[in-house]
There are 2 protein chains.
Amino acid sequence: MSQSEMDAKMRILLAAKQLFAEQGFDGTSVRQICEKAGANSSLISYYFGGKENVFFALLDQFYPTNKLGDPENIEILKHPVEGVKLFIREVLRFKLTDPEMHIMIHQEIAIRSPRIEGLKPYLIPYWEALKGLLERGKKEGIFQFDSMDTALSFVMGTVIFPKSNFLETVYEHDQTSMEGIIEETTRFVLRGLGVKEV
Amino acid sequence: MSQSEMDAKMRILLAAKQLFAEQGFDGTSVRQICEKAGANSSLISYYFGGKENVFFALLDQFYPTNKLGDPENIEILKHPVEGVKLFIREVLRFKLTDPEMHIMIHQEIAIRSPRIEGLKPYLIPYWEALKGLLERGKKEGIFQFDSMDTALSFVMGTVIFPKSNFLETVYEHDQTSMEGIIEETTRFVLRGLGVKEV
DNA sequence: TAATATAAATCAAACGTTTGTTTTAATCAA
DNA sequence: TTGATTAAAACAAACGTTTGATTTATATTA
């Protein structure tokens with residue numbers, strides 16, 4: 001199914017996803033989206049009820065279901081090391097399989113956009129899960145850190161910091177497989193938290 | 001010296017810094033800036049030659065001089081561990097003493113703004129320095145990692161990920177001193193890179 | 001099946017508002 | 001009075017959105 005065969009609604013969503021990631025929400029105009037989608041600019045209001053709702057429609061469509069909340073993972077989340085491993089895997093899988101969505105969300109957080117309120121229900125479960133794991137791990141003596149604040153920032157920063165185009169000036173990206181990145185990042189984080197023999 | 005006594009030029013700069021950090025460059029209008037600065041909206045063109053140049057004037061005014069390039073630090077940068085310590089200290093000091101500037105710059109990177117080109121001269125020296133330190137440390141067997149890509153993202157993500165308002169929903173920030181944050185972050189990073197006895 | 005009726009999708013054009021910028025007018029100190 | 005500074009008004013361009021007409025697709029009826 002080529003893009004021209006898709007219905008306009010989906011074409012708009014895909015175009016918006018790409019442009020939001022490339023230029024930010026505020027930096028992207030309705031007309032730009034619709035030009036790329038090959039659709040009339042009125043269709044954004046027609047289908048979604050406005051530009052802002054395109055953003056939330058993207059969340060609906062493309063944000064992954066929170067595996068960390070799955071009943072089958074309840075046990076894993078009781079073990080700090082295994083839990084953190086799962087956490088990193090899930091976040092990185094999302095970031096690497098749909099980088100546009102990840103970048104778009106990262107932007108919204110960065111610019112402290114008014115859309116963050118609508119974003120919270122999607123994100124907070126992950127933060128809560130991570131916070132719980134760090135607390136437990138610290139209490140059990142598995143993780144070593146003083147400030148929960150700094151520890152959370154450490155793990156989150158490591159995991160969600162996106163590959164920036166800006167870096168291409170500094171060096172060429174190497175081609176590491178998804179599994180490789182997940183493994184190495186996990187090692188960084190667990191070591192950083194003071195876990196030996198990682 | 002109260003804000004009303006300052007000349008309009010500086011009042012505009014301070015207002016812009018605050019608003020850019022709170023709402024992003026695209027999310028902030030010239031009129032908003034001037035209202036907060038208590039100045040007429042034409043002054044932005046008059047003094048700076050346009051909104052975009054206000055951004056670069058902020059860099060001129062408030063971006064710290066790169067201590068890593070100081071002659072007195074040349075020796076330190078030859079020692080990976082000490083170099084990384086200095087790097088983290090310098091970046092965190094900037095982030096914690098002028099969070100508005102840090103957030104503003106982080107935003108520009110996040111939204112891949114057209115202003116990044118003008119930002120590069122300020123940022124790339126830091127990236128280059130870090131990359132050099134990681135390369136050296138790996139070669140000397142002090143740091144353990146496979147992918148330079150992932151390692152750079154790891155350190156940068158840890159260091160520049162800003163305290164997000166968004167987090168306040170999840171937990172209360174703890175009050176850690178600047179020195180405490182620097183120490184703990186350094187420990188996270190060096191451990192993560194495989195340095196023992198940190 | 002063919003003609004008709006209904007609904008959905010798409011369109012060009014225009015809406016009122018806000019954007020960044022420029023021009024004009026007034027004010028003020030020297 | 002002169003020259004610098006500030007305020008006010010006006011500018012074209014771009015913004016997100018709405019409109020009303022038209023096309024396309026689906027369903028209904030004869």
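**Entry 1: DNA strand C**

For the element names I used DSSP runs numbered from the N terminus: helices are H or I with at least four residues, strands are E with at least two. This is a predicted model, so I kept local features to pLDDT of at least 70 and side-chain atom pairs to pLDDT 80 or more, while totals for chains, interfaces and linings use all residues. Residues are numbered from 1 along each chain as its sequence is written, and chains are lettered from A and ligands numbered from 1 in the order in which they are written.

I counted a residue as near a strand if its C-beta atom, placed from the backbone, lies within 6 Å of it. That gave 18 residues around DNA strand C, with A:Ala8, A:Asn40, B:Ser29, B:Ser42 and B:Gly50 the closest. By class I found six nonpolar, eight polar and four charged. Here Ala, Val, Leu, Ile, Met, Phe, Trp, Tyr, Cys and Pro are nonpolar, Asp, Glu, Lys and Arg are charged, and the others, Gly among them, are polar.

**Entry 2: DNA strand D**

Next I looked at DNA strand D, which has 15 residues around it; A:Ser29, A:Val30, A:Ser42, A:Gly50 and B:Ser42 come nearest. α2 (30-37) and α3 (43-48) of chain A are the elements that give two or more residues to this surface. Its residues divide into five nonpolar, eight polar and two charged.

**Entry 3: how the chains pair**

How is chain B laid on chain A? I superposed the copies by least squares on C-alpha atoms of residues with pLDDT of at least 70 in both. A turn of 180° with a shift of 0.1 Å along the axis does it, at an RMSD of 0.1 Å. The two copies are therefore related as by a two-fold rotation axis.

For contacts I required C-beta atoms, placed from the backbone, within 7 Å. The contact between the chains takes 49 residues from chain A and 47 from chain B. On chain B, α6 (99-110), α7 (116-139), α8 (148-160) and α9 (178-192) each supply at least two residues of the side that touches chain A. That side has 17 nonpolar, 18 polar and 12 charged residues. I also saw that 100% of the interface residues of chain B are interface residues in chain A, so the copies meet through the same surface.

**Entry 4: chain A and the cores**

Chain A has nine helices and zero strands. I called a residue buried if 20 or more other C-beta atoms lie within 10 Å of its own, exposed at 12 or fewer, and partly exposed in between, with C-beta atoms placed from the backbone. On that count, 35% of the 198 residues of chain A are buried.

A nonpolar core is a set of buried Ala, Val, Leu, Ile, Met, Phe, Trp, Tyr and Cys residues joined through C-beta atoms within 7 Å. The largest has 54 residues, and A:Phe87 and B:Phe87 have the most contacts inside it. Leaving out residues up to four places away in sequence, B:Phe87 touches B:Leu68, B:Ala129, B:Leu130 and B:Leu133. A second, separate core of 44 residues includes A:Phe25, A:Cys34, A:Leu58 and B:Cys34.

**Entry 5: helix α2 of chain B**

Which residues of α2 (residues 30-37) of chain B are buried? I found B:Ile33, B:Cys34 and B:Ala37. They lie on the same side of α2(B), because they cover an arc of only 90° around the axis, taken from the directions from the helix axis to the C-beta atoms. Their cover includes α1 (8-23) and α3 (43-48) of chain B. After α2(B) comes B:Gly38, with a positive phi near 65°.

Technical notes
Two residues are in contact if their C-beta atoms, placed from the backbone, lie within 7 Å.
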